[in-house]
Amino acid sequence: MTLGQFIARHRTAILGLSTMLVAAGGWAAATMPLAIFPEVAFHRITVIARSGNLPVEQTLTAVTQPLENVLAGVLGVEIIRSQTTRGGTQIDLTFGWKSDMLRSLQLIQAGMEEVRPSLPLDARMEARLLDTSAFPIVGVAVTSGQRMIAELSDFVIYEAVPQLRTIPGVYRVELNGAKIREYALTVDPERLVAHRLELGTVERAVHDANVIIAGGQIRDGYHLVLTVVHGRGARTDTLTDIVVAEDHGAPVRLGDVAQIEAAVREDFTRAAANGEPAALIGISRQPTGNAVVISDGVRDRIGSLARVHPDYTFSVFYDEADLVHDSIGSVRDSIAIGLVLAVVTIFFFIADVRATLVAATVIPATVLISCIVLRTLGMTFNLMTLGGIAAGIGLVLDDAIVVVENFHRHHALGQAGENVLKVSMGEIAHALLGSTLTPVVVLLPLGFLGGVAGAFFRPLAVTMSVALLVSLALALTFTPALATALERARVRPVRRGPGDRLTRWLVRSYARSLGWTLAHAWVAVLVGAGFVALAWVAYRHVETGFVPVMDEGAFVLDYWAPPGTSLEETVHMLETVDGILAYTPEVTAFSRRTGAELGFFLTETNRGDYSVRLRRGRRRPIGAIMAGVREEIHARLPGLRVEFVQILQDMIGDLSGNPNPVEVKLFGPDETVLEPAARAANRLVERIDGVVDNFDGITEVGPTYRVEVDEQRAKMVGLSAVAVQAWLETAITGSVVGQVLEGDRAIPLRLRYPEPVRTDMRAIQDLTLVAPGAQLAPLAALARLGPGPVAVQRARENLRQLVRVTARLEGRDLGSATRDVRAALARELVLPAGVRLEYGGLYASQQRAFAELVGVFFAAVACVVAVLLIEFGSVAATLAIVIGSSLALSGSLAALWATGTALNVSSMVGMIMVVGIVAKNGILLLDFAARGATGTDDINAALVRAGSVRLRPILMTSLAAVAGLAPLALGIGAGGQMQQPLAIAILGGVSLAMLFSLLGVPLLYLLLTRGRAVRGEQPPTDSG
């Protein structure tokens, strides 16, 4: 039974099953989760360890190095980086892309527990696996004009956050700027001295009285009664009555030496929204969560909270759903526009409404049925999957066009009924199979692409492959079944349209051109060489980048106040930045974090970031807005260092471990040598055109003050360095000595000195300690006091010390800027002995991705060769199609160069796809030629005849592909820039596809066969 006979016999079943699958696909599409990017588990784990306020050098030796030594040996770790500051270290571990990251996380956590006994007792550690769900998708600011920050924080912690955590799909709800309420026991130092009280005595007395504890259960008759012991220190109204000591027989109450007051825990962070103090809530989603559903849920919950609690104001300062809505809407519009243009192209050539509708039906059917597969694979609707659908519109139509056009051609010959079905499908089924599998196998090697490129473009490749295979199945079953179902009962003369007249003229011109080309092969070879030269020139001049940059409608402004700047002074400086942002017309909302930043990072108190949200609709490009804000900040706050980056670009950089486009890494064992070299390199980088936000990598963490205890003097009064440190820590930072229960909340109780002692260095110098035996010991008499050295953060990579000189770019592509940086450093930078230079950042990621993509390209070509050898069993046909397809890449490079589009991961993926797309046309042509050459040695005539017959379907499929990709190539709407380079690369290649398919492939085939006849099937009769 032939395919045509099978379709004719089971037409009703085919149409019915197809309709059912389309309906199921509609359900799958409606329930598919929405996100901006695919679900990606980046192979990176971050460990943050904190240990009080240890100096940098001590943190390095006591915390960082022990952790590094253990974690570097975890199976699969490829790169280990660390950043050490006062009292904390951040260790980033990058794993191979074949690693099981959940198992790797468990191994990291096991390593952390292994090293814990050797760390300081107060060390706290946390490890996180970084993925796209690790960053907030919705940011909410809570402010109040009537409530103090402590009340606002209580409301957010106990009311707002629990409600947000219960939204379906929410992964984590994190707070910035919320303050933990405490009760402060503020000790009067003069009264301590007057009563000769040790600070430790007061601490122990409060701790012993701050109890609510069971004493046991008594069997009292018929009852079992629990006895509960309440100390007077468990309530604020009786706390001051605690007797802490005796002075000459008289009891000394806590109220005699201290007072209790409501306070908040000082964590050296601040948050604000639109210039007002705020608590910031970041909501991230689970891997299967729907960004739009979560956003709607957040807005619904905060709306309810605002109605019940009118004293509090809620504002959304970041919402990924806005970009999801806009981006998906733009891609949807591109799909619709591409569909309309492609359908118009089909109707133009065949002027048959029914046949056009049959072809047009294939697109929604393919998209919906593909959604069933995508949902089964656990994928989401995002920029990459929808981009794959949009980029594949023309390709999806290809098979339907070939089927419909062949039906139309046979109808024009007066044939009808099952005979058309049998003959038509018999002619093209074999070619359809090979021509569709070719672009599919081209996409297969993308599945082995690693890094950011693979993480983001694998979903696109999967989506396009699924859509192409579904379209092939429909072209071999549904399309001919529907075409015969809609066929008129009696044969009518086929109406000639403008496309038919154009086709007849093109066929005559093409036949003459191909005949001349085959007779003058040397001219065609020269033309081919010209295209190779064009490709080389375009390659040498085209800009290069990493991943496409799109206007996200929001950006992050990172800032660094001068080292050692107090938190209050930093906030005062930032009020100027608040004003600049408030008066920028495109800014609708912004939030500020000080001492914290977006994501999971170790942050000093003099740095932080702004999340800035721009208005939707018509406005200046985001690059111009960031440049304007940067210029004004530099003019008004020259001491404030700033960096600008879009939120999702920042996320991609952070997740890949290479956030800066330009990164010069200087390795060496001695920081006194590294730092001058880094400053010299930074001065050279700063001179490069297009470089902004450059930094020498030397981060000072502020001044220190040395208290060098004289052990002999301390021992004479019964003290030690440890005792002095404990006294100072309690006096300055405070010590939690208990808690007070208020309803269902336990409020910490902190013992500390009054604010003047905690905010004035001279008060520390005048401090008097009480030693055992009630001896007075002025601190100045026990220790040598004075300023210490300025501490500098220490960075290491693979257990080697380094300094990173970094920069971002504005109005400049990554490739040319990095070339200039390399040239300037090679020419002018003199490296000291023992210092080695390497280049990292996005440039290193780009180079790795490009190297992998070159390998993917050759793997794709190998896959195409395999399919062609199976299809034709002829080396000549295989080489002719592969060479012709590869020459079409000159059009891709020329299009990128002409449009000023960068050669990046997206455009290179597009160029790889060009090989498969262009090969489709060659397969259709040579398959027909092989049939026509049976029994004759006149290969020229067979090639001319095959080209004349296949000219119209090749022309239609090429124009349909161009029409389908045109909206994406224009980059219209939000998120359009992500797929624009890919679309431009494909359009450039497809634009030359007709030339190489219709002229180049036949010529190459003729030259490679050297005039020998080919074997094939008997060609069908055709009158023209």
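I took helices (H or I, at least four residues) and strands (E, at least two) as DSSP runs, numbered from the N terminus. On that basis I found 35 helices and 33 strands in the chain.

I noted that this is a predicted model, where local features need pLDDT of at least 70, side-chain atom pairs count only at pLDDT 80 or more, and totals for chains, interfaces and linings use all residues. Residues are numbered from 1 along each chain as its sequence is written, and side-chain values use heavy atoms, with hydrogens and water left out.

Extent: I read a box of roughly 125 × 80 × 50 Å for the C-alpha atoms, taken along the principal axes.

Burial: I called a residue buried under 20% relative accessible area, exposed over 50%, and partly exposed in between (1.4 Å probe, protein chains only). By this rule 56% of the 1024 residues of the chain are buried.

Contacts: I counted heavy atoms within 4.5 Å as a contact. Among contacts in the chain with a separation of 6 or more, 79% join residues 24 or more positions apart.

I then looked up D693, where phi is near 55°, a positive value in a residue other than glycine. D693 lies in strand β22 (residues 691-695) and is buried, with a relative accessible area of 7%.

N798 also has a positive phi, near 50°. I located N798 in the loop between β31 (794-797) and β32 (800-809). N798 is partly exposed, at a relative accessible area of 32%.
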